[in-house]
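Reader: Several terms are used in describing a model of this kind. May I ask for the grounds on which each of them rests?

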Amino acid sequence: MSEELRCIGCGSILQDQDPKKSGYLPTSALKKALTSDDNEVYCQRCFRLRHYNEIMPVKENNDDFLALLNSISQKKALVVNVVDLFDFSNSLISSIKRFIGGNEYILVGNKVDLFPKNSKESKIKDWMRQEANRNGLKPEKIFLVSAAKKKNLADLMAFLAKKGEKKDIYFVGTTNVGKSTLINAIINMNSDLKDVITTSKFPGTTLDEIKIPLSNGHYLIDTPGILNANQLASHLSGKELEVVEPKKPLKPATYQLLPGQTIFLAGLGRFDYVDGPSAGFTIYVARDLYVHRTKTENADTFYEKHKDDLLLPPSKEDNLGPLKGQTFSPKEKSDILFGGVGFITTPANVVVKAYTPEGIGLGIRRALI
Ligand code: GDP
């Protein structure tokens, strides 16, 4: 067996010395490759690329990323903005409108599987269009999909196949919206695409793109995920996300509240009922998230006493900062949004105060359900 084994993805000589250089494999994996009869070995980078479509995320104001976006406006392209329906407002990329140019732009709302079964897709789309318009974005079309559950993908795929005859298709999105899962699902549904994924550096920058050739000379291009400080997910560890991110459709839990009562959503959300009659408030969060009801007058003390045990996450290591509140006085039945943690449906004509760490991800919308 030759000592100079090459990666069958990129052709680099495999090495275990420098993870930053091409052909890197951890020593144990390289040893295994050298002693086995199997010559089908990928370097770590190609392995990740094939299995997870992994490219390094960047900050929204990263110069290279801005250059990449800028280059899209000079081309004839379709921009596919993948967003997380469960944290929609915070997964919209505000700077994107400057870069779309005259190009077509569509929104793909992912994780639709998390909405309770009785949610109306038309209501979800109306809300998305309003939010997009508020941010100066005019999506030509809105798709609601579940990449993980492969739901509603056929319509999107048919649309992309048609557009891909005429132009390149760029996928953009903040981290954790499920962009990789979606692209993998698309590739798996076109199984002949699996072996043709290439990676290239965007010219003149340190950024990678994943290019998937379509049948007619155009490409489906995956760009790096953008880290957004307004997404709770970008602050929490993987283990904490396991608790916070729902995996199954949200199961509503209704609490009858009087003014002067407070609900904690672990340490990531606090909801004070300030003024109104005795009323039902419906909480939509992941099943494993700790929900606690207490009196508002005891809430500060309870939080200080339990922020390091009952009210985890977040933990100290997340450096999320103290809870900051905002008062809402909805005139119609509304959902108070706690970023990627969930939402609480309130009746009309009440006064409530909602808190998250540093106020990240707080918002309100007309009730969807
Ligand atoms: P990326 O950072 O945008 O590439 O996101 P990933 O594809 O890595 O997905 C981020 C998280 O969202 C992971 O925990 C996925 O399991 C989850 N996820 C992705 N797609 C879906 C979906 O359709 N439904 C649900 N419920 N979760 C999803």
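**Grounds for the terms used**

Author: In this predicted model, a backbone N or O atom of Val177 lies 3.2 Å from an oxygen atom of the ligand.

Reader: Which residues come nearest to the ligand, and which helix gives the largest share of the shell?

Author: The ligand has 16 residues around it, of which Asp113, Asn176, Lys179, Ser180 and Thr181 come nearest. Helix 8 (residues 179–189) supplies three residues, the largest share of the shell. The space that the ligand takes is the largest pocket.

Reader: Why are strand 13 and strand 17 called paired?

Author: Two strands pair if at least two bridges are found between them. Strand 13 (residues 279–285) and strand 17 (residues 342–346) have four bridges, so they are paired, in the antiparallel sense. Tyr284 stands opposite Phe343 in strand 17.

Reader: What makes strand 10 and strand 19 edge strands?

Author: The open sheet has five strands in the order 10-13-17-16-19, with antiparallel pairing. Strand 10 (253–257) and strand 19 (362–366) each pair on one side only, and are its edge strands. From one strand to the next, the twist averages 25°.

Terms used. Residues numbered from 1 in each chain as written. Predicted model: local features only at pLDDT ≥ 70, side-chain atom pairs only at ≥ 80, totals over all residues. Heavy atoms only, no water. Helix = DSSP H or I, 4+ residues; strand = E, 2+ residues; numbered from the N terminus. Axes fitted to C-alpha atoms, helices over the stretch in contact; angles between N-to-C directions. Near = heavy atom within 4 Å. Polar contact = N/O pair within 3.5 Å; in protein donor to acceptor, adjacent residues only side chain to side chain. 1 Å grid on protein atoms, 1.4 Å probe; cavity = no way out; pocket = protein on both sides within 12 Å on 5 of 7 lines; lining within 4 Å. Sits in = over half its atoms within 2 Å of the grid points.
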